[in-house]
Amino acid sequence: MTVSISLINMKGGVGKTTLTIALAEFMAIEHGLRVLVIDLDPQSNASACLMDLEQWKRQNMRGQTVMRLFLDSFKDWPVFSPREAVVKNASNIGGGIEGLDLMPSGTELMDLQDSLMTIYSEQEDRSPLIYLLRDAIGNILQDYDMVLIDCPPSLGLITQNGLAISDYYLIPVIPETMSIHGIPQIVTRVNRFKKQTGSSLEPMGVVATRYRQQNPEHFLNLSDLRAGAQKKGYRRLFETIIHESTPAANAVNFRRQAAKLREKYASPRPFNEYRELSREVLNHVGK
Ligand SMILES: Nc1ncnc2c1ncn2[C@@H]1O[C@H](COP(=O)(O)OP(=O)(O)OP(=O)(O)O)[C@@H](O)[C@H]1O
Ligand SMILES: [Mg+2]
């Protein structure tokens, strides 16, 4: 059975993309899962980190990106074709990882989110717009064991399309006070989405990212994150904490080709952290 997880946070720069990529790579290599990463963010960071820039430009020109899928929804002649858009053997590890595929995004449509909102706000019933992604790519999801969706830093229509095909959502958070205050708002908005759509989407938990040991505030906030999980409705704080590290930041540069996971993620850290977190996530979903 396919399991689909959206990584969400309205706050930018919390490590959603970095985490999506690492989880996908560990799940594909260490657990032998067939993984699809969907890049739902017009910034296209996950695409740039998982595929060659020139290939991606060509793909953009052919209109085979997830952004084009949204644009097609108000054009008479759709261009996007899911099977053509999927990039096989993505990643800068070993020249590409067998079993790791990418549905890339496209930056040329950076303004799309705004245009979509304008166009769609004029329509009375917005509910079909939440299912554009599901209707377009629903039939290829079953080819995968795991679908990881890298969402933009917003809970707007594009992210909601990701939530509509997800079983779980996971919230990466930098353990600083302002970020933590935003979590109940995320849970409330997702719960509202669930109510509107009848979705059985479940919170999987919060992952503390970019943790700085020398920052006492980060340390104290971890306890709050652990203690508040049930009451605030995000289920749990994952045991594995992702520390701020230069190798973690540098790893995602596609031009830095690596032979193995251990080389890309510089053992022991962040390699061990991503390895442990992947196990925790898979345990949660029974894989
Ligand atoms: N563990 C880490 N240690 C150090 N730097 C990190 C770590 N995780 C992410 N970063 C860096 O932090 C920045 C933001 O990370 P990332 O792009 O993954 O966040 P994001 O939540 O996807 O951002 P956005 O909301 O803009 O999509 C990037 O420069 C990335 O390299
Ligand atoms: Mg991102």
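**Exercise 1.** Determine which element gives the most residues to the shell around ligand 1 in this predicted model.

*Solution.* Helix 1 gives the most, with 3 residues; helices (H or I, at least four residues) are DSSP runs numbered from the N terminus, as are strands (E, at least two). Residues are numbered from 1 along each chain as its sequence is written, and ligands from 1 in the order in which they are written. Because the model is predicted, local features need pLDDT of at least 70 and side-chain atom pairs count only at pLDDT 80 or more, while totals for chains, interfaces and linings use all residues, and side-chain values use heavy atoms, without hydrogens and water.

**Exercise 2.** Locate Asn89 and Ala266 and state how exposed each one is.

*Solution.* Partly exposed lies between buried (under 20% relative accessible area) and exposed (over 50%), with a 1.4 Å probe and protein chains only.
1. Asn89, in the loop between helix 5 (82–85) and strand 3 (100–103), has phi near 50°.
2. Its relative accessible area is 39%, so Asn89 is partly exposed.
3. Ala266, in the loop between helix 13 and helix 14, has a positive phi of about 35°.
4. At 26%, Ala266 is also partly exposed.
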